[in-house]
Amino acid sequence: MIEIKSLTKTFGSVEAVKNISITVPKGEIFGLLGENGAGKTTTLRMLATMLKPTSGTATLNGYDIQKEPDRVRGELGILFGGESGLYNRLTVAENISYFGELNNMDKKSIQNRIKYLAEVFEMGDYINRHAGKLSKGMRQKAAFARAIVHDPNILLLDEPSAGLDVSAMIVIQDFIKMQHQLGKTIIFSSHSMVEVDKLCNRIAVIHKGSLIDTDTVENLKTKNKSDNLEEIFIRLVGEKQ
Ligand SMILES: Nc1ncnc2c1ncn2[C@@H]1O[C@H](COP(=O)(O)OP(=O)(O)O)[C@@H](O)[C@H]1O
Ligand SMILES: [Mg+2]
């Protein structure tokens, strides 16, 4: 379970995240929906303990991001779209293995996990190639595999399918669904209504750092008397200009 409590981040005069409170129950896929600059990445970076909140806090599986960052990190798999963080001179398998070692996994479990991940992410052809030589889609899948080598309970995914071709996007989305079936708690951000509609139990619409609404996709559609999430989004955001 993730509890975000009055989370706020300012950068100088920019209020990137304003007093956001959200609860994500265990086992839910939760979507953070917002345009560029809405505050999605900043929110996720605070949850991932990569960035200190200006005020407010959050707990992940009971651990406080401010007081117990190490514990929080142990619960987490993190994927930030813009920065794959792979070592170009290592192969995909070596990248994954290195991350497994950092998470105190033994060699045998790491090898088993790499075999499994290579299969589900369809990386068989390039698992032993250098990360620097891969296409964007391949790198994204490799980065995802690396992020979850230790089978974390919570996944924080920042625009995991942005910029990918359709087949890579479907592999990633199917994997997110599979992780959901395994009972993982997942927050992912997206600016794609279609994606959010397809994957999420509940979403939060954020705009200019503020939480506009949070509800199930079904309830949002009923409340706004529309089946079209894109239309609903424009309406909600428009009211707050
Ligand atoms: N390190 C930073 N320094 C200054 N401003 C930042 C920094 N990171 C983000 N911002 C600003 O905070 C706002 C929210 O950014 P971000 O969280 O990246 O939005 P999103 O991920 O939804 O596109 C934007 O106005 C952005 O310019
Ligand atoms: Mg972002």
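Helices (H or I, at least four residues) and strands (E, at least two residues) are DSSP runs, numbered from the N terminus.

The model is predicted: local features need pLDDT of at least 70, side-chain atom pairs count only at pLDDT 80 or more, and totals for chains, interfaces and linings use all residues. Residues are numbered from 1 along each chain as its sequence is written, chains are lettered from A and ligands numbered from 1 in the order in which they are written, and side-chain values use heavy atoms, with hydrogens and water left out.

**Exercise 1. Identify which residues of H6 are buried and which elements they pack against.**

Step 1. Buried means under 20% relative accessible area, exposed means over 50%, and partly exposed lies in between (1.4 Å probe, protein chains only).
Step 2. In H6, the buried residues are Ala-168, Val-171, Ile-172, Gln-173, Phe-175, Ile-176 and Gln-179.
Step 3. Contact means heavy atoms within 4.5 Å. The buried residues of H6 pack against strands E3 (29-33), E7 (154-158) and E8 (185-190), and against helices H4 (107-120), H5 (136-147) and H7 (193-199).

**Exercise 2. State how many salt bridges the whole structure holds, and explain what the pair Lys-40 and Glu-159 ties together.**

Step 1. A salt bridge is a side-chain nitrogen of Lys or Arg within 4 Å of a carboxyl oxygen of Asp or Glu. The search finds 10 of them.
Step 2. One of these joins Lys-40 to Glu-159, with the closest N and O atoms 3.7 Å apart.
Step 3. Lys-40 belongs to helix H1 (residues 40-47) and Glu-159 to the loop between E7 and H6, so the pair ties together parts 119 residues apart in sequence.
Step 4. Lys-40 is buried at 5% relative accessibility, and Glu-159 is buried at 15%.

**Exercise 3. Describe where the salt bridge partners Arg-73 and Asp-70 lie, and whether Asp-70 is buried or exposed.**

Step 1. The side chains of Arg-73 and Asp-70 form a salt bridge at 3.2 Å, N to O.
Step 2. Both residues lie in helix H2 (residues 69-75), three residues apart, about one turn of the helix.
Step 3. Asp-70 is exposed, at 59% relative accessible area, while Arg-73 is partly exposed, at 39%.
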